[in-house]
Amino acid sequence: MMLASLILLAPPTAVVACRPQDRPGLVAQATAFGGVVAPDRARAQAAAAAGDTARAAAARYLGLEIAPFLIAPDAVSPRRLGCPFVFAWPFAEPGTVGRSPPSHVLPHEIGHAAFLHFLIPRTVDDEYGGDAPDWLDEMVAIAFEDSVGVANRRADGRRHAERHALIPLRRLLAMTHPEWVAAGPSTGQSPGGNLGVPGSPDTPAYYATVRLLFDYLVARTGNPQVLRDLADAARTKVPIDRWMLARVARFGDGPTLEDLDVAMTAFAIGDPAYRAAGDADLRRSQAR
Ligand SMILES: [Zn+2]
């Protein structure tokens with residue numbers, strides 16, 4: 001009887017095996033979240049920092065523990081590593097002098113992958129991200145970015161708000177991701193998001209508006225895990241516009257999406273974090 005209980009309580013063994021293994025020409029580094037396999041020590045450390053950022057964001061904004069997981073080059077087989085979740089990151093080949101992407105990109109991409117893996121998967125091929133609305137896929141990834149990325153997005157949001165160049169919510173909630181439109185359908189991959197020159201003139205406003213909508217909803221609901229509620233609403237096909245309007249009504253925002261556009265613009269101009277990000281950005285541009 002007792003023995004049977006002990007067997008039932010035994011943890012799954014696969015989780016214990018999720019450690020990075022040395023491979024020829026690659027550096028393996030164990031971390032608190034699992035580990036990293038990278039072309040060299042410097043990129044292993046940068047990837048480890050990105051993994052820490054992503055794990056903390058998953059806990060804070062989605063209420064999810066995504067560890068254990070590995071960050072490893074495309075070529076490494078996830079199954080052989082014994083990890084429930086492996087993030088395949090195409091590091092440049094060892095020895096090449098490639099410019100590393102900015103530090104917000106890797107946690108952003110882990111956010112996309114974690115959202116697909118843990119919350120709303122992709123069930124058809126020809127779409128950006130998963131079955132969630134494109135703006136929600138993007139909002140989760142943006143929430144995973146590091147502090148440098150957050151500050152840049154907020155400065156961008158403030159700039160767009162001041163110019164009345166944000167994307168109106170009625171359009172944002174219905175639109176296909178501008179980078180997906182620009183890349184053309186059936187390319188078989190999701191665009192990386194700000195890895196290079198935007199493929200669409202709508203892209204900068206799209207990212208700025210999605211970040212701003214996230215901050216605005218967290219502030220209005222007082223719930224840092226509002227993304228989790230949005231995912232539940234999306235999964236159960238609750239109309240998102242009504243869902244949002246119901247949650248901001250007690251602040252006097254609404255009752256239409258056009259009223260929320262006005263409220264979000266005011267938020268980007270008045271919120272202290274947005275003001276600080278905008279001021280820091282202005283100082284940087286004046287110093288150049
Ligand atoms: Zn993205």
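Which residue in β3 is the bridge partner of glycine 35? In this predicted model, the bridge partner of glycine 35 is leucine 70, a residue of β3.

**Strand β3 and its side chains**
- Strand β3 covers residues 69-72, with Phe69 and Ile71 pointing one way while Leu70 and Ala72 point the other way, and all of these residues are buried.
- In a regular strand, side chains alternate between the two faces of the sheet.

**Neighbouring strands**
- Strand β2, which spans residues 34-38, runs parallel to β3, and three bridges join these two strands.
- Together with helix α2, which comprises residues 41-62, the strands β2 and β3 form a β-α-β unit that is left-handed.

**Tyrosine 274 and its surroundings**
- Tyrosine 274 is part of helix α13, a helix that extends over residues 272-287.
- Tyrosine 274 counts as buried because 22 C-beta neighbours lie inside 10 Å, and the cut-off for a buried residue is 20 or more.
- When residues up to four places away in sequence are left out, tyrosine 274 touches Arg154, Gly157, Arg158 and Ala268.
- Although tyrosine 274 and aspartate 215 are separated by 59 residues in sequence, the distance between them in space is 9.6 Å, taken from C-alpha to C-alpha.

Conventions: Residues are numbered from 1 along each chain as its sequence is written. This is a predicted model: local features need pLDDT of at least 70, side-chain atom pairs count only at pLDDT 80 or more; totals for chains, interfaces and linings use all residues. Helices (H or I, at least four residues) and strands (E, at least two) are DSSP runs, numbered from the N terminus. A residue is buried if 20 or more other C-beta atoms lie within 10 Å of its own, exposed if 12 or fewer, and partly exposed in between; C-beta atoms are placed from the backbone. Two residues are in contact if their C-beta atoms, placed from the backbone, lie within 7 Å. Two strands pair if DSSP finds at least two bridges between them. A crossover is right-handed if, with the strands pointing away from the viewer, the path from the first strand over the helix to the second runs clockwise.
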